[in-house]
Amino acid sequence: MSSPQKALNYIGGEWSWPDGAGAIKSINPADASEVVCETPESSAEELDRAVDAAAKAFSGWRRTPPPARAVILQRAGQILAERKQRIGELIAREAGKPVAEGCGDVQEAIDMAELAAGEGRRLYGDTAPSELPNKMCLTFREPIGVCGLITPWNFPVAIPAWKSFHALICGNTVVIKPASDTPMCGHEFVRALADAGLPPGVINLVQGRGSVVGEAMIKHPKIALISITGSTETGKHVAAECGRTGKRISLECGGKNAEIVMDDADLELAVDGALWGAFGTSGQRCTATSRLIVHEAVYDKMLEKIAKRAAKLRLGPGVDPTTDVGPLVNESQFKKVMEYIRVGKEEDKARLIRGGFRASGGRLDRGWFIEPTIFADVDRTMRIFKEEIFGPVLSVIKVGDLEEAVETLNDCNYGLSSSIYTRDINKALWAVREIEAGIVYVNGPTIGAEVHMPFGGVKGTGNGHREAGKVGLDIFTEWKTVYIDYSGKLQRAQIDTDEILASGN
Ligand code: UN1
């Protein structure tokens, strides 16, 4: 693969390594001896340069007609499509996920380019009648300014695409701070947009540490909006800081998603869903299935089936096309997940029925692999029931009926994704109404959201905004309401209305 050795900054249309900046090594999580690339440890001053470039580009981009902006985004989507396999392989090397999932990550960005480009010919506002004669009322979406986008390592191309394509089509300019675990993916994503002909300064990329670049971003006076996908802890900190500096903020934080399996479910299908939801991407998705809530009548059968099937999953490096489950992204995530496994093992009542250890032997010794792990008989008091683990660990809980299943699912500080397996339409629809989550799947796993639908969650998961879909435009625009009075005289709203009614005009 001919990927560049340096994941650079992109500021004002120029690729650069800041003078004197130290290097962060991006390591292949499947093989600690492979350095995928080096990226600069940028300073707050480097971020300043990027924000200045974005601020300078804003007046021109804001005035560029949205259908013309769309042409560039569409081209970026085509470029990503041409490079899909190569970038998919890069994602496999840098983030660890299987190459098919890496290509899916790029596909999500391509889909998003298509969606956002379509919005360039819509960006609809409303027209409404006025309460006064010879007067009209209408609304326009307007861009906000410079947007700071802080993006994670688990979808290192798709999530920058969710955020930046909607921001850009609305006329904002952006500065992206990609995760320091996946700088090359950030580089490749921005390169596609640069190659598509985005004017200098409209998109900027600053590599480095969250504690320096991210921190400077959330405090920066010229940044109008922060959109971040990250842990709930980080989200709270960012929200507090943005509150102080009056920024708009969109948070996409944690999840503790559950799949319910009712006694009438197609159990094979429910097992397929649980395995893909819990162990796909090694459980490192905000939408991952972390809890499996099973009706008592099928509990033992379900446990037996899922443990047997989990044992067949093939662990290995993402670049190997036969791999089902890749490594954890880095040592610190690996340690965090192993700690949760330790906590689970210490629970007297929980039963470890599969995994629970570092996967080793041969090539696995070179990376951060954890055996797909399943705890049975978990109850609602346990930490492994309540806290986001972000790894290949599934907790199974036994319940007596649908009401208890949904109550158990809702007993949670998060509310991103959820799922119910049942053949009974009445049960399914009752659950759809009662479940407290931003996303509900019926007879499908908790992962696999599509870009034209709103993405986000309730409770600790977010702050009320949604990404993607048409509503994803909302955070990136302000509404301007316009009244046009062509009566040629002063007309007073709320006051002259009575007179008009009385005169019959
Ligand atoms: C995430 O994990 O933050 O629905 C995003 C899914 C993917 C996106 C996940 N399309 O699982």
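Predicted model: local features only at pLDDT ≥ 70, side-chain atom pairs only at ≥ 80, totals over all residues.
Domain bounds here come from an automatic or database domain assignment.

**The largest pocket**

Start with the largest pocket, which has a volume of about 1000 Å³. Where does it lie? Domain 1 (5-253 + 462-480) and domain 2 (257-442) both contribute residues to the lining of the largest pocket, so it lies between them. Its lining is made up of 39 residues, and those nearest the centre are Trp153, Thr229, Gly230, Ser231 and Thr234. Several elements each supply at least two lining residues: helix H7 (210-219), strand S10 (225-229), helix H8 (232-245) and helix H11 (331-346). Among the contributors, H8 gives the most, with six residues.

**The second largest pocket**

Next comes the second largest pocket, with a volume of about 370 Å³. Lined by 22 residues, it has Glu108, Phe155, Arg285, Gly448 and Ala449 closest to its centre. Helix H4 (99-119) and helix H5 (158-169) each provide at least two residues of this lining, and the largest share, six residues, comes from H4. Domain 1 (5-253 + 462-480) and domain 2 (257-442) each give at least three residues to the lining of the second largest pocket.

**What the linings are made of**

Methods:
Residues numbered from 1 in each chain as written. Heavy atoms only, no water. 1 Å grid on protein atoms, 1.4 Å probe; cavity = no way out; pocket = protein on both sides within 12 Å on 5 of 7 lines; lining within 4 Å. Points joined across faces, edges and corners; volume = space filled by probe spheres on them. Helix = DSSP H or I, 4+ residues; strand = E, 2+ residues; numbered from the N terminus.
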